[in-house]
Amino acid sequence: MNEAQLVMLSRQGDETAFNKLVELYKDKLFHMAHRILRSKTECEDVVQETFLKVYLNLNRFDENKRFSTWIFHIGKNVCLDLLRRRKAPSLPLDQPVTAHSDQQLSLHEVIPHASLSPESEVIERELASTMAGMIEKLPEKYKTVVYQRYVLEMTMEDIGRANNIPVNTVKSRIHRGKDFMKKRWGKTLLIYSLLLFSFF
């Protein structure tokens, strides 16, 4: 049974189908939350709250869109809500970015995108893999903020809170990180990839 069938059955009230969706996404949601919050307890709360929101809003899901994009968008918003409610900022993130892994989200999975043709999907996956490789090779202090800004689409303010640094420092590191990528891989490839994924 594929994911689309699981979603359809879940919308009809099939608890077994919904539980299978939970199994498919719980670890990936946890790893995404950990990249933002760095707190196991909070990440577990994020996973639970995300699935609750998904269950309550299944009838609002547009079947013409990707379920993965929808659920990760909900999960990211839950994370950012928690981050904004914190009294103290979280620890800096140091998780590596990988293109494809059973343990971590791929760049392709967390980038919002519209429905694509099969040919466009192939191109997008190739560019997503390329972008993941470029971000992975950035110096550590640039890698974290570039990932948070352009993959997780966090605001400058939220990145500052997550890393306990001023917003101006966030902007400076992002700028230097993009300069590093342009010099190493070429401005044309970088801009094309960024525009494709709506990073600006």
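Gln 12 counts as exposed, because its relative accessibility is 60%, and anything over 50% is called exposed. I start with this residue and work inwards. Please keep in mind that this is a predicted model.

Where is Gln 12? The residue sits in the loop between helix H1, residues 3-11, and helix H2, residues 15-37. Leu 58 is 46 residues away from Gln 12 in sequence, yet their C-alpha atoms are 9.4 Å apart in space.

Now the chain as a whole. The protein chain has 10 helices and 0 strands. Of its 200 residues, 44% are buried. Among contacts with a separation of 6 or more, 66% join residues 24 or more positions apart. The accessible surface of the chain is about 10,800 Å², and carbon and sulfur atoms hold 50% of that.

Next, a piece of that surface. Leu 52, Tyr 55 and Leu 56 make a nonpolar surface patch of about 330 Å². Tyr 55 belongs to helix H3, which covers residues 40-56. Is Tyr 55 exposed, partly exposed or buried? Tyr 55 counts as partly exposed, because its relative accessibility is 42%, and that class runs between 20% and 50%. On helices in general, residues three or four places apart point the same way, because an α-helix has 3.6 residues a turn.

From the surface to the inside. The largest nonpolar core has 49 residues. Those with the most contacts inside this core are Leu 29, Ile 36, Phe 51, Val 54, Phe 67, Ile 71 and Met 154. At least two core residues come from each of H1, H2, H3, helix H4 (67-85), helix H6 (118-136), helix H7 (140-150), helix H8 (156-163) and helix H9 (167-185).

Setting aside neighbours within four places in sequence, Val 54 is in contact with Phe 18, Phe 67, Trp 70, Ile 71 and Ile 74.

Last, helix H7. How many of the 11 residues of H7 are buried? The count is 8, so H7 is largely enclosed by the rest of the structure. The buried residues of H7 include Tyr 142, Lys 143, Thr 144 and Val 145. Val 146, Tyr 147, Gln 148 and Tyr 150 of H7 are buried as well.

How values were computed. Residues are numbered from 1 along each chain as its sequence is written. This is a predicted model: local features need pLDDT of at least 70, side-chain atom pairs count only at pLDDT 80 or more; totals for chains, interfaces and linings use all residues. Side-chain values use heavy atoms; hydrogens and water are left out. Patches are made of residues with over 30% relative accessible area and no salt bridge: like charges are joined within 9 Å, nonpolar side chains (Val, Leu, Ile, Met, Phe, Trp, Tyr) within 5 Å. Accessible areas come from the Shrake-Rupley method with a 1.4 Å probe; for residues, only the protein chains shown count as cover. A salt bridge is a side-chain nitrogen of Lys or Arg within 4 Å of a carboxyl oxygen of Asp or Glu. Helices (H or I, at least four residues) and strands (E, at least two) are DSSP runs, numbered from the N terminus. Buried means under 20% relative accessible area, exposed over 50%, partly exposed in between (1.4 Å probe, protein chains only). A nonpolar core is a set of buried Ala, Val, Leu, Ile, Met, Phe, Trp, Tyr and Cys residues joined through side-chain atoms within 4.5 Å. Contact means heavy atoms within 4.5 Å.
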